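Subject: The structure you asked for

Hi there,

Here is the structure we talked about, ready for you to open. My notes on what turned up follow below it.

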Amino acid sequence: MQKPDIYIIGSGAIGKALAVFLKQAQESVKLVRGSVDYQPEKEDVITVKGKEDKVFKEEIITTTFSQLNTINGIVLVATKAFANQEIAEKLRGLKGQFSIVLLQNGLNVEEPFYGFDDVYRCVLFATSQVVEENTVSFKMVTESPVGRVNNETGTAGGLIEQISTPHFGFRDEPNILKYVWDKVILNCAFNSICPLLEEDNGIFYRNKEAATLARQVISECVVLAREYEVELDQEEIEEKLLLISERSNGQLISTYEDIRKKRKTEIESLNLEIARMADEIGKPEMVNKTRLLGEMIRLKSEIKCN
Ligand SMILES: NC(=O)C1=CN([C@@H]2O[C@H](COP(=O)(O)OP(=O)(O)OC[C@H]3O[C@@H](n4cnc5c(N)ncnc54)[C@H](OP(=O)(O)O)[C@@H]3O)[C@@H](O)[C@H]2O)C=CC1
Ligand SMILES: CC(C)(CO)C(=O)C(=O)O
């Protein structure tokens, strides 16, 4: 039987790295532009710089939605989450049968995809950065969990096998919601406090007061998660915060990079989504600090962009 094709939407840091590793594994893979349309298909050499100075190079086909009519296979969404509504609409216009895997940070980012048959979320345990056009630097931390969303049962088994490669691994995770919340809570601290202090990710490890503020954010979010019947371990998240802070000392969080480069941030799916969920249950004060930090980021980004 012919293997299904893989389409990666979003030709950014994650999308490019994934495309190269999948091509190396002999998969039929195409990058589909997220922010650009109505362009002819083209082929570029994309380079991934991995651990221990290993370099991976592949010729990758990049296309745009208007060139596509039918998709049979797997769609990996690697754009920023604020593009999801538009991407879901474009996918609804296509024929064929496909599974969708969202590789994005953020809470409820899957909502625009409700109604598709086979939707999964993945929590990425990898880091990738564009270093120059068509070159990214990539590190896998550990295999990234993938699971079905919207309380549906069933595993991601066959799909995992196809998208996993030795340098960018995935694994099946039945309780993906816990991973999504844990990661979002970490992002609520990193992606707001670091850009506001104009500091790199190591700030929580280096500075006790910054760590205390992050702990307050974590505590608010854990209490909110409980209201939504998601039980999380606050201490475990605090430990992860310090570990990630130490290990990514010197690196800038994506929201800080986005603000510096005058690009839209993902804060709406992080602190501001947490705030919206607290409002939804009539307890807005439950996440006061998380909300204020999110609003400050939105304002900082708007000021920078204008
Ligand atoms: N990089 C990392 O280390 C990690 C990233 N993530 C998450 O993975 C996701 C992708 O991140 P990353 O690859 O770093 O991001 P990048 O900013 O490098 O790339 C995101 C891509 O999104 C597309 N995009 C941007 N704006 C729009 C828009 N308005 N409409 C449609 N598409 C748009 C662009 O695709 P195109 O160029 O094709 O137009 C862009 O290249 C994010 O949700 C991020 O939080 C999670 C963990 C780690
Ligand atoms: C929160 C952190 C630092 C964790 O790796 C991050 O940048 C991310 O992956 O989104």
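A residue is called buried if 20 or more other C-beta atoms lie within 10 Å of its own, exposed if 12 or fewer do, and partly exposed in between, with C-beta atoms placed from the backbone. Please keep in mind that this is a predicted model: local features need pLDDT of at least 70 and side-chain atom pairs count only at pLDDT 80 or more, while totals for chains, interfaces and linings use all residues. Residues are numbered from 1 along each chain as its sequence is written, and chains are lettered from A and ligands numbered from 1 in the order in which they are written.

Let's start with helix H1, residues 13-24. (Helices are DSSP runs of H or I with at least four residues, strands are runs of E with at least two, and both are numbered from the N terminus.) Of the 12 residues of H1, 11 are buried, so the helix is largely enclosed by the rest of the structure. After H1 comes Gln-26, with a positive phi near 70°.

H1 also matters for ligand 1, as H1 and strand S8 (126-132) each supply at least two residues of its shell. In total 24 residues surround this ligand, and Gly-12, Gly-34, Ser-35, Ala-83 and Gln-104 are the closest; a residue counts as near if its C-beta atom, placed from the backbone, lies within 6 Å. The shell has 9 nonpolar, 12 polar and 3 charged residues. Here Ala, Val, Leu, Ile, Met, Phe, Trp, Tyr, Cys and Pro count as nonpolar, Asp, Glu, Lys and Arg as charged, and the others, Gly among them, as polar.

Around ligand 2 you will find Asn-105, Leu-186, Asn-187, Phe-190, Asn-201, Ile-244, Ser-248 and Ile-253. Helix H4 (residues 176-197) gives the most to this shell, with 3 residues. The classes here are 4 nonpolar, 4 polar and no charged residues.

On the larger scale, the domain assignment (automatic or from a database) gives domain 1 (5-174) and domain 2 (178-305). Their C-alpha centres lie 25 Å apart. Each domain puts 12 residues into the contact, where two residues touch if their C-beta atoms, placed from the backbone, lie within 7 Å. On the side of domain 1, these are 6 nonpolar, 3 polar and 3 charged.

Best wishes

Terms used:
The expected span of a helix is 1.5 Å times one less than its number of residues.
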